[in-house]
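Please look at the sequence and the structure shown below, and then read the short report that follows them.

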Amino acid sequence: MDTLKEIGLSDWFQSHIDQNKLATHELARIVAVHKDSFMISNGKQDVFAELSGNLHYSVESATDLPTVGDWVYADFYDDDTHAIIHGFVPRKTLLKRKTAGKLVEFQLIAANIDTAFIVQSANENFNLSRLERYLVMINQSGITPVILLSKSDLLPQSEIEELTTSILTTYPEITVIAFSNETRENLDKVRDLLISGSTYCLLGSSGVGKTTLLNSILGSTKLETQTVSKKQSKGRHTTTSRELLQLENGAMIIDTPGMRELGNMSVDSGIDETFSEIIELMQHCKFSNCSHTKEKGCAILSALATDELSEQRYKNYQKMKSESAFNDMSYSDKRKKDKDFGKMIKTTLKNKKR
Ligand SMILES: Nc1nc2c(ncn2[C@@H]2O[C@H](COP(=O)(O)OP(=O)(O)OP(=O)(O)O)[C@@H](O)[C@H]2O)c(=O)[nH]1
Ligand SMILES: [Zn+2]
């Protein structure tokens, strides 16, 4: 168990383990996903793994498949060079995104991330609505956010402070750190946040400095070198890049191609959490079915009038709400369509038999 603790098996997972499964299988963590095969770690070594037939056939949606960061029950074979996955431990957090226009509604990005660093560069890339989007997604996933403002060397100190203060005014409970890979300012503060046994990820647009940061906190060139080449069951050799990396201090960072592509992020329940002060205001409207457009005693309208609530922020809230409603609608419509189609096929088959 101790080697598993080192790769993140915290008390939470230990209390969610199925003891019956543990009696016949071992625990391991998914460190990379490669098409339909996986690489798992038992804390000692990385092993190629495949899903058991039962697990494979019981998959009903994308969320039933293991993803990077998952804890799984596995059997090891051939001197621990090959493994079969028989199931997985409940997830503490799950990062996923909606996929447009496909039958599979979600693409899993990673599981069991404790803290996500949202990286925006302090100069041109900083954008409040983008930040809000990331926060919505992270809150919805159950992950703790930290906001990192990169390239602090490109802005006067006073502007950095102003930016930090304005973010903290809106999100007083979130840690905000401005840092520079160039001058190494505050890199130690970022490193201090990385705790042994916890799992992290870096989110942000391309070019904000995530790779540079990862390399400077990983030390030297570990990022390129954490690849594994192992013999698979059928004798093939495959090289897979590890997507769950471990820092020297024991903290883990998940970095997958899917995470880099996070652009169209799903927004649902996380919206209310991100715009909590707006939700709070709405509860003070005179009418419970207030549309916040013309009603007397509307708390939103009066907060907008006194600038207690900024128009920009309220607009962002409305925009996300409507996008979310649209996504949900098209999702349930899609579901209904699928069901109707299924029914039609069944009736056709029945009629044929007769
Ligand atoms: N001035 C300044 N430039 C930086 C800093 N950090 C990174 N850069 C530069 O910004 C560019 C992009 O950095 P990357 O680390 O590749 O950015 P990324 O977020 O990983 O981008 P993707 O790999 O495309 O996702 C590079 O040219 C870096 O040298 C910084 O703190 N200050
Ligand atoms: Zn109202």
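## The shell around ligand 1

The shell around ligand 1 divides into two nonpolar, nine polar and five charged residues, where Ala, Val, Leu, Ile, Met, Phe, Trp, Tyr, Cys and Pro count as nonpolar, Asp, Glu, Lys and Arg as charged, and the others, Gly among them, as polar. Of the 16 residues around ligand 1, the ones that come nearest are Ser-206, Gly-209, Lys-210, Thr-211 and Thr-212, a residue being near a molecule if its C-beta atom, placed from the backbone, lies within 6 Å of it. Helix α8 (residues 210-218) gives the most to this shell, with three residues.

This is a predicted model, in which local features need pLDDT of at least 70 and side-chain atom pairs count only at pLDDT 80 or more, while totals for chains, interfaces and linings use all residues. Residues are numbered from 1 along each chain as its sequence is written, and chains are lettered from A and ligands numbered from 1 in the order in which they are written.

## The protein and its domains

The secondary structure of the protein comes to 14 helices and 15 strands; helices (H or I, at least four residues) and strands (E, at least two) are DSSP runs, numbered from the N terminus.

An automatic or database domain assignment divides the protein into domain 1 (2-90), domain 2 (95-103 + 108-260) and domain 3 (270-353).

## The barrel

Five strands close into a barrel with mixed pairing, in the order β1-β2-β3-β5-β4, where two strands pair if DSSP finds at least two bridges between them. Strand β1 (residues 26-34) pairs with strand β2 (residues 37-41) in the antiparallel sense over five bridges, and Arg-29 stands opposite Ser-41 in β2.

Strand β3 runs parallel to strand β5 (residues 82-88), joined by four bridges, and Glu-50 has Ile-84 in β5 as its bridge partner. Strand β4 (residues 71-77) runs antiparallel to β5, with six bridges between them, and the bridge partner of Tyr-77 in β5 is His-82. The hairpin of β4 and β5 has four residues between the strands, and there Asp-78 takes a positive phi near 50 degrees.
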